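Have the sequence and the model open as you read.

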Amino acid sequence: MTAPAPGSAPMIEMKGITKTFPGVRALSDVSFDVRAGEVQALVGENGAGKSTLIKILSGVYRADSGAVLLNGEPVHFAHPVESLRAGIAVIYQEFSLLPERTVAQNLFLGREPRTRFGLIDGARMRRETREVLSLFAAAGRIDPDRIVGTLDVATQQVVEIAKAVSTGARVVVMDEPTAALNEAECEELFATVDTLRTRGVAIIYITHRMREIARLADRVTVLKDGEVAARFDEVPEPAEIVRAMVGRDIADFYAAPATAGEIGPPVLTVRGGGNAVLKGIDLEVKAGEIVGLAGIQGAGRVALAMALFGQAPFERGEVTLSGERVDFRSPRAAILGGVGLLPGDRKSEGLVLMQSVRDNGMLTSRAFAPLWASDRRNAHADTTGMDGLLDRMEIRAASYDQDIRALSGGNQQKAIVARWLSMRPKLLIFIEPTRGIDVNAKAGIYHLMRDLAREGAGILMISSDLPEVIGAADRVLVMQEGRIVAAFGRGASEQEIMHAATGGAEVAA
Amino acid sequence: MSDSTARPRAARRRLPRVNPVWLLLAALILAIVFMNPGFVEPTGYMNFLKRAAPLAILAAGQVYVIVSGGFDLSVGSLITLVVVGSSMLTNNDPSATVWVIPLMLALGLGVGAVNGAIVCFLRVPSLIATLGMMITLNGLAFLWSGGAPRGYLPDTFRFFGRELIKDVPLVRFIPVSVIVLVVVVGLLTWLMHRTNLGRQVHAIGDNPVAARLAGVAVNRVRITAFMLSGLSGALAGILLGGFAGVSTDVGTGYELQAITAAVLGGAQLLGGRGSVPAAVGGALALTAIFTLLNFLGLPQPVRQVVQGLILIAAVALAMHRREETGT
Amino acid sequence: MSLAEDTPPRATGFRFERWAPLILLAGAALIYVAVAIGTGQAQYLTLDNLIAILGRSIALGITAIGQTFVILVASIDLSVASLISATAVLASVVMDGAPAMILPAILAALALGALVGVCNGLMVSALKVNPLIATLGMSLIIQGCLSAFVSNFAGKVPVAFQVFAYGEIGPFPLALIFLALMAALAWAVLRFTRFGSDIYAVGGNEEAARFAGIKTGRVVILTHVICSVCAAIAGLYLASRLRSGAPWIGSDGVYDLESIAVVVIGGTVLAGGRGGIWGTMAGMLIFSLIDSVFNIAGVDSFAKQVLRGIIIVAAVAFYAIRSKRIVA
Amino acid sequence: MKRILLATGALALSLAPLHAQNFDDPEEFAKQKEQLAATPEGPEGQPWLQHIGGEMVETADLGLSAPATVCFSNAGVNNPWRVVGYTNMTEEVKNHESIGNFIHVDAEGSDDKQIADIDDLLAGGECDVMIVSPNTTAALTPAVERACEAMPVIVFDRGVNTQCPVTFIHPVGGYGFGIQGAEFIASKLEQGDNVLMLRILPGVDVLETRYSAGRRILDEAGMNIVGAEFTDGDNAKTKSIVEDYLMRGDIDAVWMDAGATAVAAIEAFEDSGYDIPVFVGEDQQDFLRKWQDEGLTAIAPTYPTYQWRTAIIAAAKVIEGEAVPGPEWVLPQPAITQENLDQYVNPAMPPLHYAMCGCEEMENYPQAWGGN
């Protein structure tokens with residue numbers, strides 16, 4: 001593999017791509033190219049057409065018009081496998097790994113090397129797996145026979161990338177690869193991307209995070225409403241990208257912090273909380289404040305949330321909520337006690353996809369009404385009922401009777417927030433509140449959180465997006481190995497937080 | 001992704017799409033009337049309803065379990081146990097009905113509760129849990145009776161499945177079982193489609209993790225679904241025992257028929273979607289198919305083949321529609 | 001970030017699921033020995049008797065091997081019982097006592113199995129019909145067609161073919177060795193071939209398998225063909241054992257539900273992607289042992305049923321209770 | 001593809017002989033008709049000890065000594081007829097000191113399991129005499145042959161295709177059953193009257209012969225057979241079928257090949273407001289009682305459960321070295337008629353009890369049979 005110099009002819013070129021779905025024009029006349037050895041960032045709000053473009057590239061969809069050229073030759077992919085064989089690998093947000101199989105088996109899924117008897121050549125598979133993994137600093141130590149389900153998420157991400165590389169891909173598409181990663185893991189990923197770049201791979205990198213663009217991208221293409229809104233041959237200031245994405249400046253991206261007068265007495269106090277994952281947790285969240293919780297993957301942030309929410313309860317220590325000792329053994333108990341939780345994985349933990357927007361909003365209030373009570377109660381259109389709450393969330397939907405699956409991620413997230421508002425919780429836990437939602441909707445969520453805090457709720461926000469933690473929270477706590485190891489006030493720097501989160505080790509990069 | 005900023009309060013009602021099961025039922029009934037004009041007489045359709053009542057009730061109960069994401073294979077054996085047990089307990093004493101029927105309904109609820117508890121707490125998939133229950137209940141029915149039930153079912157017990165209410169205007173007579181059917185289906189429909197319970201049954205079948213994190217008492221709702229299915233099994237047993245008297249294999253095969261009926265009514269296996277009235281429609285359609293084939297004088301094997309083909313076709317069609325509409 | 005993500009990864013050492021079938025089997029064997037000694041019937045502990053126990057469930061074992069394949073791809077097959085009856089009748093009718101017709105009869109039975117398997121597979125993978133419904137429908141169709149033609153024992157199996165069920169090599173029945181070979185073959189296919197790897201992939205995550213270029217539809221169809229062909233072989237075995245084919249032998253043996261129960265007791269999960277042949281064989285042995293225990297202890301046949309139902313649930317609970325997943 | 005075509009072709013070709021399967025054997029029909037009329041040998045009033053014609057088989061040379069172990073491989077106890085029979089059997093065992101140990105293995109209605117059961121019994125090595133009630137004739141033949149090599153075997157109810165058992169105990173048979181019912185109908189009706197024939201299920205030899213004999217006589221008598229339907233022995237289905245037929249026209253008589261669903265069929269007439277026509281049932285108590293209460297015109301041919309006693313008696317005789325009727329022990333097969341109805345109706349017995357059990361004089365009657 002020799003690395004062609006960047007700036008040579010495009011490896012992939014998409015010309016005048018137009019794609020229409022029934023009733024929607026998803027892409028109109030989009031042109032786009034990537035050269036060998038460069039990282040082309042592809043940005044845009046949700047629904048701008050990024051995924052559609054990638055799916056056309058990889059052969060999931062067929063374009064209505066336009067052409068895809070690989071090394072100058074027109075190609076037509078009817079199936080993802082064909083694009084894979086042509087050297088285009090797409091790494092989706094949701095991993096396509098098999099949790100019950102080994103690393104080697106996953107790496108060679110569907111193209112296992114065979115002996116001359118036609119049987120799978122296990123030895124060769126392991127050997128080649130080791131070779132491929134050795135390219136990645138973090139993954140060189142992974143045993144090819146390790147069952148993938150027993151690896152942590154970041155390592156799984158690396159396996160996923162290694163899988164793409166091992167197919168000999170010349171073009172790698174990464175769709176928000178850092179969504180599930182924390183800071184340190186992101187750095188490892190960036191290093192991996194750098195490795196790929198120097199090996200002459202063309203990389204299409206989709207992200208919502210401006211910082212990653214600055215760190216990685218050589219060029220940036222911005223999509224808006226199915227059209228190319230801007231193209232940058234040098235990476236510009238984030239504000240410029242955002243302006244191109246949303247078509248205007250976003251003022252007040254984060255809401256104003258809490259003033260001293262807004263912060264009230266403690267809502268939540270934990271003393272010496274612990275269980276299998278957590279150790280000696282001391283924590284206080286006051287009414288009216290937003291506390292950010294940072295840390296690397298596996299630091300125990302979600303475990304802390306789940307302990308507070310009764311899903312994986314504390315086994316030691318004491319918890320007080322608004323001055324009362326509590327010991328929640330199930331989410332139901334926690335909700336009754338006044339805790340709400342916005343789960344981190346909307347699709348698998350938050351939404352009931354086959355039901356309407358209103359039904360999703362009412363899920364919790366229904367759960368605490370008598371089983372035989374009419375399901376229409378609470379639904380009418382006054383400000384105290386669910387429709388009033390949904391109105392307040394400014395949810396964009398044709399009707400609240402519409403299936404929630406048809407809504408954008410941001411609107412879905414708002415419907416889940418509305419679910420909690422109906423319960424008037426004292427403490428609200430947000431896990432990755434803006435994961436996978438677009439810039440505009442993010443700002444909406446930040447303001448919403450602040451409004452809730454002003455109304456007297458204590459808010460605990462877990463996020464892997466450091467700028468978000470710093471921008472949206474009044475205080476930042478850092479966890480490491482099941483403990484809270486540091487606390488910062490407003491204005492902490494990313495470096496300080498990372499330093500604490502990684503136990504003092506200097507962050508690479 | 002709609003950008004309409006209009007306040008979406010007034011629900012824009014979609015045109016109600018007719019569930020294909022009603023069309024199927026209508027076509028079958030037309031065919032039956034064509035074959036046998038006597039069907040439009042009260043004796044014709046009332047007999048039909050009377051015959052369909054146990055299966056319809058069973059399907060209405062089964063829908064709860066299917067919508068919650070599971071299966072209940074134990075209802076057939078439960079029917080057998082109810083009939084056999086009732087005959088053992090009443091022991092020819094007409095006055096015993098007063099306590100035997102409530103006891104049998106309690107038995108149905110109890111069996112459902114055990115099914116639900118096995119699924120919820122032992123985490124055994126319902127297919128296996130209720131399969132085990134099916135075998136066990138069948139064994140219990142035999143064990144209890146020693147293989148042959150030792151009592152008659154008194155007429156007081158058989159009232160619900162056998163008697164007619166005469167001199168009713170318009171229709172001349174109404175079988176008691178049809179009244180039971182209407183009441184039970186009405187209640188189960190209301191419970192499924194107009195109450196919190198119904199919404200939560202749908203929710204846990206759709207996404208149990210989300211439901212739990214939203215505070216839904218998943219186990220309680222799931223167990224309730226199984227209990228309603230068990231209750232419907234006991235009711236069907238009381239009607240069947242009333243209709244036809246004691247025998248040792250009354251319930252055989254009813255579990256699969258109930259699932260078939262629910263599926264014909266568009267219930268989605270593995271949960272999240274389903275309707276009680278449509279399942280009842282499915283049960284009526286299934287009974288209509290059997291009646292029609294009976295009138296046509298087709299032999300038993302042909303009936304099996306037709307049943308199999310309709311079952312596959314109905315589900316294939318439903319999947320096709322679902323893919324087309326993307327819902 | 002999902003709930004599972006933030007907790008430390010599982011340990012890699014002892015994987016309970018892998019050993020659970022053996023633990024259950026050991027338990028069943030222990031009970032057997034205890035009952036035999038406890039009731040003073042030590043003669044049941046001889047090798048002959050052990051072989052007799054193993055020989056009890058050969059048809060079930062063959063069917064369960066096939067059922068393992070479909071359950072591994074997260075499908076299921078309820079049509080095996082009817083198919084067993086159909087192939088037994090077909091084979092016995094084609095042979096009709098003539099040794100020369102043995103080969104054509106075997107081919108016809110296997111072809112029928114393959115045909116049914118292809119139909120099942122197509123319904124599941126192409127028409128997207130829930131496998132439970134698809135194969136239930138298929139079962140009704142087969143049984144209907146069969147009983148339209150045949151209502152009693154049909155045809156006759158020549159003596160030469162009865163060797164399949166009654167022949168012995170040394171102390172071991174031929175059929176038992178055949179079953180062991182089939183199990184070994186199935187194991188090798190799952191362990192060493194790309195097809196086997198594809199099966200686990202499709203069962204584990206169909207989407208991922210498809211994106212890796214695996215023709216998932218074809219894998220599903222092929223597993224159904226394997227399952228149906230296994231059922232066809234079980235039908236041949238039963239025809240040989242009963243010397244003739246009867247349209248009820250499949251449903252009388254409840255091979256559909258029992259084969260599923262055996263597979264699940266063997267640790268293969270209904271959701272697909274996890275499990276294997278040796279678990280299934282352990283499950284079959286557990287079934288045989290339990291049956292023999294009942295016979296030795298003289299358990300009343302009705303009580304036997306009650307216990308059997310409880311044992312199935314308990315055995316599956318033994319695996320499942322440790323999982324945190326919500327099941328339905 | 002070619003193979004599939006071949007296979008279908010083979011199946012199609014083979015169908016012709018299948019339909020020709022002979023359940024309508026005029027010779028056997030005549031023989032059983034004769035046996036019904038014959039006077040049985042043996043003690044009066046104890047039909048389980050009687051036999052119609054046949055030779056005796058000496059058993060002294062089998063070299064057994066009392067007390068011996070009798071093993072019984074049972075096809076199943078999965079219906080009330082077999083339950084009553086099996087109770088007869090266990091009660092009869094108590095009458096024989098020569099039977100030291102009685103081992104019962106239940107095949108739960110599966111041929112395959114019964115073969116395995118017999119093999120297990122042989123491997124266990126405890127049995128001195130084996131009684132087999134085969135689940136099906138053809139399938140159990142090899143297993144019985146193997147058992148014959150090891151010990152004396154007694155077969156009853158259904159037979160096996162081999163002469164090796166000491167004796168095969170059975171009542172007159174299916175033709176006889178069919179004849180008794182059909183002749184009764186023919187004697188009560190006019191030519192051209194409507195008869196509905198209800199059958200349990202196809203394929204079972206004893207039931208097929210009942211039907212063929214019944215049909216032959218009804219046809220000869222010029223009856224109009226409006227239909228012959230399978231009920232699966234299911235009460236609800238039986239009732240539905242009869243209701244459907246009543247909507248289409250009158251029925252003057254109902255012939256049934258087994259009486260388990262007779263009461264359900266009668267109720268269909270009652271519930272639809274019709275008079276109960278001439279009925280053929282069986283000796284189940286519920287039918288007999290209905291018959292007596294409603295004053296029906298009816299007959300109940302029987303397939304007596306006392307043959308289960310006979311099997312034990314034969315086993316005891318074999319142990320004691322006495323001669324038994326064989327190789328076939330044909331038992332009398334009486335029908336219950338209006339004249340002797342009162343003698344069989346017993347309100348103390350459960351509804352599904354078979355009255356022709358020959359058990360009234362036994363020690364634990366009626367409790368052991370569920371009566372009170």
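Is the link of D:Cys148 and D:Cys164 right-handed or left-handed? It's right-handed, with 65 degrees about the S-S bond. Keep in mind that this is a predicted model.

That link ties together distant parts of chain D: D:Cys148 sits in helix α5 (residues 137–150), while D:Cys164 lies in the loop between β5 (153–156) and β6 (167–171), 16 residues apart. D:Cys148 is buried at 19% relative accessible area, whereas D:Cys164 is partly exposed at 34%.

Over all chains, the count comes to three disulfides. Here they are:

| Pair | S to S distance | Torsion about S-S |
|---|---|---|
| D:Cys71 and D:Cys127 | 2.1 Å | about -90 degrees |
| D:Cys148 and D:Cys164 | 2.0 Å | 65 degrees |
| D:Cys357 and D:Cys359 | 1.9 Å | about -65 degrees |

Now for D:Cys71 and D:Cys127: the torsion is about -90 degrees, so this disulfide is left-handed. The pair also links distant parts of the chain, 56 residues apart, from strand β2 (residues 68–74) to the loop between α4 (111–124) and β4 (129–133). D:Cys71 is buried at 0% relative accessibility, and D:Cys127 is buried too, at 11%.

The bond of D:Cys357 and D:Cys359 is left-handed as well, given its torsion of about -65 degrees. Both of these cysteines are buried. Number the bonded cysteines of chain D in sequence order and the pairing reads 1-2, 3-4, 5-6.

What about C:Cys230? Its sulfur is 6.8 Å from the closest cysteine sulfur, in C:Cys227, and that's too far for a bond. C:Cys230 is buried, with a relative accessible area of 5%.

Definitions and conventions:
Residues numbered from 1 in each chain as written. Chains lettered and ligands numbered in written order. Predicted model: local features only at pLDDT ≥ 70, side-chain atom pairs only at ≥ 80, totals over all residues. Heavy atoms only, no water. Disulfide = S-S within 2.5 Å. Helix = DSSP H or I, 4+ residues; strand = E, 2+ residues; numbered from the N terminus. Buried < 20%, exposed > 50% of the residue type's maximum accessible area, 1.4 Å probe, protein only.
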